[in-house]
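Here is a short briefing on one model.

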Amino acid sequence: MIIRKMTDADVKSAAEIENLCFVHPWSEQSIKDEMDKENSVFLMAFENEKPIGYVGLSVVFDEGYMGNLAVIEEYRRKGVGRMLMKELICECKKLSLAFATLEVRDSNTPAVSLYKSLGFDEVGRRKNYYKEPLEDAILLTKFFK
Ligand SMILES: CC(C)(COP(=O)(O)OP(=O)(O)OC[C@H]1O[C@@H](n2cnc3c(N)ncnc32)[C@H](O)[C@@H]1OP(=O)(O)O)[C@@H](O)C(=O)NCCC(=O)NCCS
């Protein structure tokens, strides 16, 4: 498995991963729009050239806002999500960010335990933030400074 920064040529694959992993997937255009923003970090994991997961982070001043992290189902629980997040954290440090933050469904135990194991702490909650099903978002933040 290798992880590398995404280029425009990878946007279609990221949208395909989104479609496989989320009820409300990001479109190719919205991924591209985020990727085109200054300092954004988009990483993709490949197994034998096949795209199997990706993660994206937008940067505003010295603040990182994580969009989606997704690994396609048959490659889960093999450490791909953790590797993507570790690489992302390295990139955050290189950019001297003050923090990286994200929101996640309350019931998303795999994602919440992954983020917490990497030093993200619960800093808040958005009541009924997600629809279908209606659910709170937990806000998780990792501070670098
Ligand atoms: C969340 C997700 C990206 C994790 O990817 P992954 O490649 O399976 O994760 P890893 O194999 O690297 O596991 C890392 C840690 O996550 C946690 N984890 C992963 N799957 C889990 C599960 N089914 N149950 C409980 N914890 C789990 C564990 O803490 C695990 O560490 P461990 O293997 O040492 O116990 C993946 O489940 C996924 O794509 N889910 C659907 C999309 C999604 O919900 N994304 C997050 C949106 S915020």
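A residue is buried if 20 or more other C-beta atoms lie within 10 Å of its own, exposed if 12 or fewer, and partly exposed in between, with C-beta atoms placed from the backbone. This is a predicted model: local features need pLDDT of at least 70, side-chain atom pairs count only at pLDDT 80 or more, and totals for chains, interfaces and linings use all residues. Residues are numbered from 1 along each chain as its sequence is written. Helices (H or I, at least four residues) and strands (E, at least two) are DSSP runs, numbered from the N terminus.

**Nonpolar core**

- A nonpolar core is a set of buried Ala, Val, Leu, Ile, Met, Phe, Trp, Tyr and Cys residues joined through C-beta atoms within 7 Å.
- The largest such core has 33 residues. Those with the most contacts inside it are Met6, Ala14, Leu43, Tyr54, Val55, Leu84 and Leu88.
- Elements giving two or more residues to this core include the helices H1 (11-21), H2 (28-35) and H3 (80-94).
- In soluble globular proteins, nonpolar side chains tend to be buried together.
- Two residues are in contact if their C-beta atoms, placed from the backbone, lie within 7 Å. Leaving aside neighbours within four places in sequence, Ala14 touches Met6, Ile31, Met44 and Tyr54 by this criterion.

**Helix H3**

- At 1.5 Å a residue, the 15 residues of H3 should span 21 Å, and the end C-alpha atoms are 21 Å apart, which agrees. The expected span is 1.5 Å times one less than the number of residues.
- The buried residues of H3 are Val80, Gly81, Leu84, Met85, Leu88, Glu91 and Cys92.
- Seen down the axis of H3, these buried residues fall within an arc of 130°, so they line one face of the helix. The arc is that of the directions from the helix axis to the C-beta atoms.
- They pack against strand E1 (2-5), E2, E3, E4, E5 and H4.
- The face of H3 turned away from its buried side carries exposed Cys90, Lys93 and Lys94.

**Ligand shell**

- The shell around the ligand has 20 residues, of which Arg76, Gly81, Arg82, Pro110 and Leu114 come nearest. A residue is near a molecule if its C-beta atom, placed from the backbone, lies within 6 Å of it.
- E4, H3 and helix H4 (109-117) each supply at least two shell residues. H4 gives the most, with six.
- By class, the shell has nine nonpolar, seven polar and four charged residues. Ala, Val, Leu, Ile, Met, Phe, Trp, Tyr, Cys and Pro count as nonpolar, Asp, Glu, Lys and Arg as charged, and the others, Gly among them, as polar.

**Backbone details**

- Most residues other than glycine have a negative phi, and most peptide bonds are trans.
- Asn39, in the loop between H2 and E2, has a positive phi of about 70°. Asn39 counts as partly exposed, with 14 C-beta neighbours inside 10 Å.
- Ser96, in the loop between H3 and E5, has a positive phi of about 55°. Ser96 counts as exposed, with 9 C-beta neighbours inside 10 Å.
- The peptide bond from Glu132 to Pro133 is cis, with omega near -5°. Pro133 lies in the loop between strand E6 (121-130) and E7.
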